[in-house]
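User: Hi! I'm new to reading protein models and would like to work through one with you. Could we take it question by question?

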Amino acid sequence: MSQLEYVNCLPYNFSALQSQSQSHHFVFTPQPLLSVSQSFHPNSDGQSFVFSVGGSMESVADRYDSTLNVLSSLITKRSRADKSNKGDRFDLLFDYLKILELEDAIPQLKIIHVAGTKGKGSTCTFAESILRNCGFRTGLFTSPHLIDVRERFRLDGVEICEEKFLEYFWWCYDRLKENTSDDVPMPTYFRFLALLAFKIFAAEKVDVAILEVGLGGRFDATNVVQAPIVCGVSSLGYDHMEILGNTLRKIAGEKAGIFKHEIPAFTVPQPVEAMQMLEEKASKLNVNLQVAHPIDASSLNGLKLALEGEHQYLNAGLAVALCTAWLQRTGHPISNFNQTGPLPEPFIKGLTTASLQGRAQIVRDQFPDIENLVFYLDGAHSPESMEACARWFSLCTKDDNHQSDQNSESQQQSDERSKDTAQILLFNCMSVRDPQLLLPRLMRTCSSHGVHFRKALFVPNISVYHKVGSNTLPTVDPQVDLSWQFALQRVWENLLQNDKGGEASNTDQVIEEVKDDTGMSVRCCKNSSVFSSLPSAIKWLRDTAQKDRFVRFQVLVTGSLHLVGDVLRLIKK
């Protein structure tokens, strides 16, 4: 990063204030800089910069890490399953808006608001890409992040830079810290991030803000929006039942909480009881609720959706409907839009160039001297999304294998490149999920497509819920509790036994426990292993791939977006 680029990242001048921890952080103000007692200098690497305030210097990277520690302090619950989350004094959010002077700014934002169980992140990503390609300045707020918290805030399709993030973070944090009390405490983690998104999008003067609901809808922090341009509800299913309810009707009622009086809304084909509830809520608010259907592949003029998987055509259909409504309601109607023909060119470009990490993503391992290890990453964590993930993986690996075989034949290299493949599962999920619902869907959908896993690996996540991490991986805990991973392993082994016509076995009787190269324990059964850390599982995969170079190892990473993010951090370093 050059000095000029760095200055351009900072639209305001800054002054230094002493933080409570007696270390400096910066608050940025729009006033002209009257003195140059604050300055910054190139670091020894020639790339990053250090701040100099009164002789004290702190690199951007160090300051960013210390800021993440402050952000982590806002995480008050170790588990999202804490039932006291429900409602949780939703009215406090309006006090926060006053403190941050956002009461008048939010109504000026032209918002697309999207809830749903699965597909809402993809829908928002498609919508952002479409409207950006229509020429609008876009803001996109999604969750969760995989590697860096800044992924949650995109401006014109790019995650916010560290400098701007720091600027807006401390602007919001300081004002909240100064004005909160016992009656109005500091906002919790997700609420703070939602407030930060509103501040960023208002200050950056985006033309459209696309907001993905974090959890539920009715009590979600994004639901302070009173007059969005249009609302959307993606596919509904069973997830977060400990908070949202244990029936589709209850879940749909929470999601429909984002509907606003006479604001149009779109959804996709839903199960009957879910659709009935959506329609009831819409009717009470005089909302024109319409059903968006999947786009036809032919409408893309021979191109492919940027996000893989058949289910993405449904998410794309919802995004097209939302964007069309947004354009019409903001005075930018599309002329000559033929519903049965090709989509308008900006729509096609948006749908075929959108980017979203961790959803149907394929990454070839970059480790030196390894060319036969490929990771297929999808953060599916509900029964329905697990089934969609399994279909995608099965079809994708078959296509990849077919193309590799054709390449081998055309190059007459069949003696050098084997057609053998091995599918490996790398899995973890939160303990609030039911593996008896997830793993059978995954295994049986793959089996129906002729895909059978040679081995399943169960690992704990590296990232933890109560700590916001950076690109630097945290130290692996040698005393990590693996009881949940052992439970997942038992479910998997019993499923395999039952599918073979046998009775459920006690996996404790067929376990071999060995040490890896780092001295960490590896618990092995016939068809699965529990590793005490993700890095040791990745090392095993790489060692295995190196030992058998004529086999293509195709690793499906799923069950948790946190796991997907941890894997991405490891294999991309």
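User: Is Cys-446 buried or exposed in this predicted model?

Analyst: Happy to start there, and do keep in mind that the model is predicted. Buried means under 20% relative accessible area. Cys-446 has 0% relative accessibility, so Cys-446 is buried.

User: How many disulfides does the whole structure have?

Analyst: A disulfide needs two cysteine sulfur atoms within 2.5 Å. For Cys-446, the nearest cysteine sulfur belongs to Cys-389 and is 7.4 Å away, and Cys-446 is in no disulfide. A search of the whole structure gives a total of zero.

User: Which strand holds Phe-458, and is Phe-458 buried or exposed?

Analyst: Phe-458 is part of strand β17, which covers residues 453-458. Its contacts beyond four places in sequence include Phe-427, Leu-488, Trp-492 and Phe-531. With a relative accessible area of 0%, Phe-458 is buried.

User: Which strands are at the edges of the open sheet of eight strands?

Analyst: Let's follow the order of this sheet, which is β9-β8-β7-β10-β6-β11-β12-β13, with mixed pairing.

User: In what sense do β7 and β10 pair, and which residue is the bridge partner of Thr-138?

Analyst: Strands of a sheet pair through backbone hydrogen bonds, in either a parallel or an antiparallel way. Here β7 (residues 138-141) and β10 (residues 208-212) share four bridges in the parallel sense. The bridge partner of Thr-138 in β10 is Val-208.

User: At what angle does helix α5 run to β10?

Analyst: Helix α5 spans residues 120-133 and lies across β6, β7 and β10. Its angle to β10 is about 170 degrees.

Note on methods
Residues numbered from 1 in each chain as written. Predicted model: local features only at pLDDT ≥ 70, side-chain atom pairs only at ≥ 80, totals over all residues. Heavy atoms only, no water. Buried < 20%, exposed > 50% of the residue type's maximum accessible area, 1.4 Å probe, protein only. Helix = DSSP H or I, 4+ residues; strand = E, 2+ residues; numbered from the N terminus. Contact = heavy atoms within 4.5 Å. Pairing = 2+ DSSP bridges. Axes fitted to C-alpha atoms, helices over the stretch in contact; angles between N-to-C directions.
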